[in-house]
Amino acid sequence: MLDTLDKLKIKKEGEVTPEELEEEKAKYNCFRHGVGIQLFGKNSEGVTCKYAGEWCKDKVHGDGHYIYPDGSMFKGNFNNGIFEGYGIYQWPLSQSNGLKKRHQYKGIWVSGKMHGKGEFTHADGSCLQGTFANNQFEKCVNKKTYFLNPFLTTNEQANFIKKSD
């Protein structure tokens with residue numbers, strides 16, 4: 001005879017509510033802990049969405065690799081499900097000069113934000129290297145410090161600085 005968790009697992013997609021699943025996990029004291037892989041299915045482009053790495057009390061925690069439904073991915077350290085420490089995040093594919101490429105940040109994360117030394121590479125290949133604070137790129141020009149959206153192009157950054165002076 002199947003136990004309740006097995007019955008929940010074989011229900012069709014969309015029939016099991018998150019509340020039902022959490023209730024059953026609590027009833028049987030089931031949670032992910034240690035090292036493992038969680039598969040979430042495939043996105044519209046056929047990419048398997050998953051997390052592979054360390055778990056602590058049912059949260060991604062420690063070193064891991066996450067592929068999200070929108071095609072973005074993170075490889076690095078998690079702290080209770082939040083980016084923390086060194087990691088590489090790649091945004092979903094975008095069109096640049098006729099090619100599909102990704103924006104990428106590799107560097108330090110604090111509380112889920114780019115914060116510390118890092119490198120942001122645009123899909124077109126241009127790169128920002130230096131210090132980031134609260135998801136903003138720190139740029140010093142003529143002894144003045146500016147905090148810029150890293151997604152801005154070089155021209156957009158220059159125009160922003162020019163208007164700010």
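Visitor: What should I know about the model and its numbering?
Guide: The model is predicted: local features need pLDDT of at least 70, side-chain atom pairs count only at pLDDT 80 or more, and totals for chains, interfaces and linings use all residues. Residues are numbered from 1 along each chain as its sequence is written, and side-chain values use heavy atoms, with hydrogens and water left out.

Visitor: How do S9 and S10 pair?
Guide: Strands (E, at least two residues) are DSSP runs, numbered from the N terminus. Two strands pair if DSSP finds at least two bridges between them. Here S9 (residues 113–121) and S10 (residues 127–133) pair in the antiparallel sense, over six bridges. Thr121 has Cys127 in S10 as its bridge partner. The two strands form a hairpin with five residues between them. In that turn, Gly125 has a positive phi of about 100 degrees.

Visitor: Which strand pairs with S10 over two bridges?
Guide: Strand S11 (residues 136–141), in the antiparallel sense. Phe132 has Phe137 in S11 as its bridge partner. This hairpin has two residues between the strands. Asn134 takes a positive phi near 50 degrees there.

Visitor: Is Ser72 buried or exposed?
Guide: Buried means under 20% relative accessible area, exposed over 50%, partly exposed in between (1.4 Å probe, protein chains only). Ser72 counts as buried because its relative accessible area is 1%. Ser72 sits in the loop between strand S3 (59–67) and strand S4 (73–79).

Visitor: With which side chains does the side chain of Ser72 make polar contacts?
Guide: A polar contact is a pair of N or O atoms within 3.5 Å; within protein, one must be able to donate a hydrogen and the other to accept it, and residues adjacent in sequence count only if both atoms are side-chain atoms. The Ser72 side chain has such a contact with the side chain of Asp70, at 2.6 Å. Another goes to the side chain of Tyr89, at 3.0 Å. Contact in general means heavy atoms within 4.5 Å. Leaving aside neighbours within four places in sequence, Ser72 is in contact with residues including Trp91, Pro92 and Arg102.

Visitor: Where does Gly46 lie?
Guide: Gly46 is in the loop between strand S1 (34–42) and strand S2 (48–56). Gly46 counts as partly exposed because its relative accessibility is 39%. Gly46 and Pro69 are 23 residues apart in sequence, and 9.8 Å apart in space, C-alpha to C-alpha.

Visitor: Where is Ile108 found?
Guide: In strand S8 (residues 104–110). Ile108 is partly exposed, because its relative accessible area is 31%.

Note on methods:
Helices (H or I, at least four residues) and strands (E, at least two) are DSSP runs, numbered from the N terminus.
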